[in-house]
Amino acid sequence: MDIKGSVALVTGANRGIGRAFARSLVDHGATKVYAGVRDPASVTDRDLVPLRLDVTDHESVAAAAAAAGDVSIVINNAGIGGASTQLMDGGFDGARRAIEVNYFGTWAVSRAFAPILARNGGGALVNMLSLASWVGQPLFPGYAASKAAQWSLTDALRKALHAQGTLVVSVHAGFVDTDLSAWTDAPKIDASTVAELTMDALTNDQFEVLADDETRRVKAALSEPVHAPEA
């Protein structure tokens with residue numbers, strides 16, 4: 001699809017990967033980019049159009065869809081880590097919140113905007129996923145589970161929206177250099193790199209972005225037998 005001249009919405013666009021997505025869309029010629037955020041005052045980039053949107057609030061999602069009926073690209077980026085939930089102890093609140101935001105939030109926004117995309121010629125729906133969509137994570141099991149569920153949802157959307165001409169893109173990456181990964185010194189990819197690879201996927205009608213070497217390695221290994229964990 002052609003990004004130039006398009007109208008886009010990015011959820012969670014006030015920082016991190018969301019901000020990088022929004023800037024990249026502007027740089028690639030989008031005529032309008034809505035920044036869907038809970039607090040519109042947090043959007044300081046004058047090239048963006050602040051739009052109040054809480055992906056966990058169905059009334060907020062419906063109001064955003066009513067206000068942004070001209071979009072042809074929707075990027076579901078809003079997400080949280082939910083790392084407060086430990087695998088073997090503690091409460092489940094963090095995991096429940098991760099599922100609510102990452103999975104149900106993406107579902108709600110996709111459901112609300114799919115008819116708009118159809119009305120505007122099909123367009124594209126992009127979901128920001130993770131390497132963790134495919135790999136269990138003992139350190140952050142709630143987040144990983146939410147991303148696995150989000151991948152399943154994305155695959156269902158890809159099949160369901162094909163008939164209306166909507167390109168559905170899943171974006172997978174390992175650690176990205178944002179606030180969400182500040183707790184680890186593991187190798188990280190720049191948010192701008194993730195955004196540019198996603199713009200390339202949109203331009204070339206590709207269904208999947210594998211943003212870094214580790215993600216590509218994990219994806220390639222999915223067909224291998226399950227092995228015992230390394231010592």
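Which residues line the largest cavity? The answer follows, after a word on the model.

## Cavity

This is a predicted model. The count comes to one cavity of 30 Å³ or more. About 30 Å³ of space lies in the largest cavity. Its lining consists of Thr 11, Val 55, Asn 76, Asn 77, Ala 78, Val 101, Gly 105, Thr 106 and Val 109. Helix 3 contributes the most to this lining, with four residues.

## Nonpolar cores

The largest nonpolar core holds 35 residues. Phe 21, Leu 25, Val 194 and Leu 202 touch the most other members. At least two core residues come from each of these strands: strand 1 (7–11), strand 2 (32–37), strand 4 (73–76), strand 5 (124–128) and strand 6 (167–172). Helix 1 (16–27) and helix 5 (191–203) also supply at least two each.

Take Phe 21. Beyond its neighbours within four places in sequence, Phe 21 is in contact with Val 10, Ile 75, Asn 77, Met 128, Val 194, Ala 195, Thr 198 and Met 199.

## Helix 2

Helix 2 spans residues 58–67. Ser 60, Val 61, Ala 64 and Ala 65 are buried there. Viewed down the axis of helix 2, its buried residues fall within an arc of 135°, so they line one face of the helix. Strand 3 (49–52) and helix 3 (93–119) are included in what covers them. On the other side of helix 2, His 58, Glu 59 and Ala 66 are exposed.

The N-terminal end of helix 2 is capped by Asp 57. A side-chain oxygen of Asp 57 lies 2.9 Å from the backbone nitrogen of Glu 59.

Note on methods
Residues numbered from 1 in each chain as written. Predicted model: local features only at pLDDT ≥ 70, side-chain atom pairs only at ≥ 80, totals over all residues. Heavy atoms only, no water. Core = buried A, V, L, I, M, F, W, Y, C linked by side-chain atoms within 4.5 Å. Buried < 20%, exposed > 50% of the residue type's maximum accessible area, 1.4 Å probe, protein only. Contact = heavy atoms within 4.5 Å. Arc of directions from axis to C-beta. Polar contact = N/O pair within 3.5 Å; in protein donor to acceptor, adjacent residues only side chain to side chain. 1 Å grid on protein atoms, 1.4 Å probe; cavity = no way out; pocket = protein on both sides within 12 Å on 5 of 7 lines; lining within 4 Å. Points joined across faces, edges and corners; volume = space filled by probe spheres on them.
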